[in-house]
Amino acid sequence: MSTKARTRGKVKLSRALGVALTPKAARYLEKRPYAPGEHGRTKRKADSDYAVRLREKQRLRAQYGLREKQLRIVFNEARRTQGLTGENLVELLEMRLDALVLRAGFARTTAQARQAVVHRHILVDGKLVDRPSFRVKPGQTIHVKAKSEQLEPFQVAAAGGHAEVLPKVPGYLEVELDKLQAKLARRPKRAEVPVTADVQLVVEYYAAR
């Protein structure tokens, strides 16, 4: 699939879910805050409870760029963890390496963050990690490999080039952007995570399956 086609797909999905998945999608949503298709502007009939829960699950999945199986695995772990399942779910997802690369401002989108990890540009505590799903522990430091720092995307990132399209750095991350370095200071709290989804509805979706 071409980059252009992928971009169009992300914009369409963003409009369908009502959440911006990329900076370009955010601009489209400002201009066209309705679903795609010929009936996008018209008021649709009320969604069923199932459809509402499904949409929230799809929203959460799309924002982290996960496959259904991946999200289900993390959900099962969240359910086994002490505390509220929905909050646990988001907190566990947020400790993924690709999510933190994005939050730190080292990449512009989830897809770029994942690519940076897969292409072996990211270190955790000095060791190369190429798995986007790697769970970063509080106290661990993420940084861009020295050889990769001179690549244009990371130069742009180090200069704060993504600040205008990304949410403010959350309190659980300590970032030295000019050094392309970030430390997970503590476990994220759901209220701080810049993700749009009603997690209780996601829990209800899976509980009914």
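Author: In this predicted model, five strands form an open sheet in the order E2-E1-E3-E5-E4, with antiparallel pairing. Its edges are strand E2 (127–128) and strand E4 (173–176), each of which pairs on one side only. E4 runs antiparallel to strand E5 (residues 181–184), to which four bridges join it, and Glu 176 stands opposite Gln 181 in E5.

Turning to the helices, helix H4 (residues 68–80) has 13 residues that should span 18 Å at 1.5 Å a residue, and its end C-alpha atoms are 19 Å apart, which agrees. Leu 71, Val 74, Phe 75 and Ala 78 are the buried residues of H4; seen down the helix axis they fall within an arc of 105°, so they line one face of H4. Their cover includes helix H3 (49–64), helix H5 (85–94) and helix H9 (199–207), whereas on the other side of H4 Lys 69, Ile 73 and Arg 80 are exposed.

The largest nonpolar core has 46 residues, and those with the most contacts inside it are Leu 60, Tyr 64, Leu 89, Leu 97 and Val 101. Leaving aside residues up to four places away in sequence, Val 101 touches Phe 106, Ala 107, Ala 113, Val 117, Ile 122 and Ile 142.

Thr 109 lies in the loop between helix H6 (97–103) and helix H7 (110–118). Thr 109 counts as buried because its relative accessible area is 15%, where buried means under 20%, and a polar atom of the Thr 109 side chain lies 3.1 Å from the backbone nitrogen of Gln 112.

Notes
Residues numbered from 1 in each chain as written. Predicted model: local features only at pLDDT ≥ 70, side-chain atom pairs only at ≥ 80, totals over all residues. Heavy atoms only, no water. Helix = DSSP H or I, 4+ residues; strand = E, 2+ residues; numbered from the N terminus. Buried < 20%, exposed > 50% of the residue type's maximum accessible area, 1.4 Å probe, protein only. Polar contact = N/O pair within 3.5 Å; in protein donor to acceptor, adjacent residues only side chain to side chain. Core = buried A, V, L, I, M, F, W, Y, C linked by side-chain atoms within 4.5 Å. Contact = heavy atoms within 4.5 Å. Pairing = 2+ DSSP bridges. Expected span 1.5 Å × (residues − 1). Arc of directions from axis to C-beta.
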